[in-house]
Amino acid sequence: MLSRVSHSMLALTSPTKPIPTSLSSNQRSLLSKRVCVTRGRRRSSTMSGTTAIRASAQRLENAEKLIDSVETFIFDCDGVIWKGDSLIDGVPETLDMLREKGKRLVFVTNNSTKSRKQYGKKFETLGLSVSQEEIFASSFAAAAYLKSIDFPKDKKVYVIGEEGILKELELAGFQYLGGPADGEKKIELKPGFLMEHDESVGAVVVGFDRYFNYYKIQYGTLCIRENPGCLFIATNRDAVTHLTAAQEWAGGGSMVGAIRGSTQKEPLVVGKPSTFMMDYLANEFGILKSQICMVGDRLDTDILFGQNGGCKTLLVLSGVTSLQMLQSPNNLIQPDFYTDRISDMLSLKAASV
């Protein structure tokens, strides 16, 4: 179980963010060591206290070697397995090949709009055979985190998000309010108007929310600022997401940013790149992190998630990150390998035999 302080710090480890001066000198020191400095610069490890040089990413040329070096592949979903509602070419054959070689497959997504069960149905609709136990969405991570800290059952959770979070909280036995039901609520400001809120709310969970509005901002803000000890939990801080394959859309980070702005508090991030889900997966399956390869399309979530967890990392260029972005002098996050799409593992595997 990770402490609240450690989760707050993990939420701040984006390499593009300055380290807040409000933290203690010890916290600032730990955070500075977590920042991944690459392309010939030093990258520090908080676990060993040692420093190592991380070189620029290598194009994947020998898939067989990578496959044989790990036991588990963790895949991001949007931008890796699918884009919007469209399956990316070659995915079924690639997953079948890895399963035939005895590899464990796990699918981790920062999208909190669906529960694990709902994601299982999406995989099925796309023709992929994936069990619910292999799926870890940030909606599940929020409920799992509350369970890990023994969140009181007499407290409530206010949800700024969609059905996925509500379903996972319900399965975990937590009381909740908010969600899509508050999407149509409005505030009619009148002289002297005071908005009431439930004082038994002990946590506000913020995820991607297509029904986001000012009512939710104010309600969540009141709970966090006025209810003693109320937690501010974010499923993720993704800047953009793929609602359709036609373009990028504003992501859950925009909702989290609004609440952060009004409360002036940093959230506890349970999705990538926080290590909470990685630690949970390692414990759940008994996986050695050194035997895991994290495959994703985002540098600041997927690849940083793998690096924070001590895993091998493979960036695919089928989603958010382009080759130009990867090779930019301003990019400080370098995966171990990169390739165009996960189906390259099929052709590169054959070529390397």
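## Helix 6 and the sheet

Helix 6 (138-148) lies across strand 7 and strand 8, running at about 75 degrees to strand 8. Here helices (H or I, at least four residues) and strands (E, at least two) are DSSP runs numbered from the N terminus, and angles run from 0 to 180 degrees between N-to-C directions of lines fitted to C-alpha atoms, for helices over the stretch in contact. This is a predicted model, in which local features need pLDDT of at least 70 and side-chain atom pairs count only at pLDDT 80 or more, while totals for chains, interfaces and linings use all residues. Residues are numbered from 1 along each chain as its sequence is written, and side-chain values use heavy atoms, leaving out hydrogens and water.

The open sheet has seven strands in the order 3-18-17-16-4-7-8, with parallel pairing; two strands pair if DSSP finds at least two bridges between them. Strand 3 (58-59) and strand 8 (135-137) stand at the edges with a single partner strand each, so one side of each has no neighbour in the sheet. Strand 4 (residues 72-75) and strand 7 run parallel and are joined by four bridges; Phe75 has Phe107 of strand 7 as its bridge partner.

## The nonpolar cores

Let's turn to the packing. A nonpolar core is a set of buried Ala, Val, Leu, Ile, Met, Phe, Trp, Tyr and Cys residues joined through side-chain atoms within 4.5 Å, where buried means under 20% relative accessible area (1.4 Å probe, protein chains only). The largest such core has 35 residues, and Ile74, Leu146, Val157, Leu169 and Ile233 have the most contacts inside it. Helix 6 supplies its largest share, seven residues.

Leu146 touches Phe151, Val157, Leu169, Phe174, Ala203, Leu231 and Ile233, leaving out residues up to four places away in sequence; contact means heavy atoms within 4.5 Å. In helix 7 (residues 163-172), the buried residues include Leu166 and Leu169.

## The annotated aspartates

An unreviewed UniProt entry places the feature "binding site" at Asp76, Asp78 and Asp297; such annotations may be inferred rather than shown by experiment. They span 222 residues in sequence, yet no two of their C-alpha atoms are more than 8.3 Å apart, so they gather at one spot.

Asp78 is found in the loop between strand 4 and strand 5 (82-83), and is buried at a relative accessible area of 15%. Asp297, in the loop between strand 16 and helix 11 (299-308), is buried at 0%. Not counting residues up to four places away in sequence, Asp297 touches Asp76, Asp78 and His242, among others.

Key: Buried < 20%, exposed > 50% of the residue type's maximum accessible area, 1.4 Å probe, protein only.
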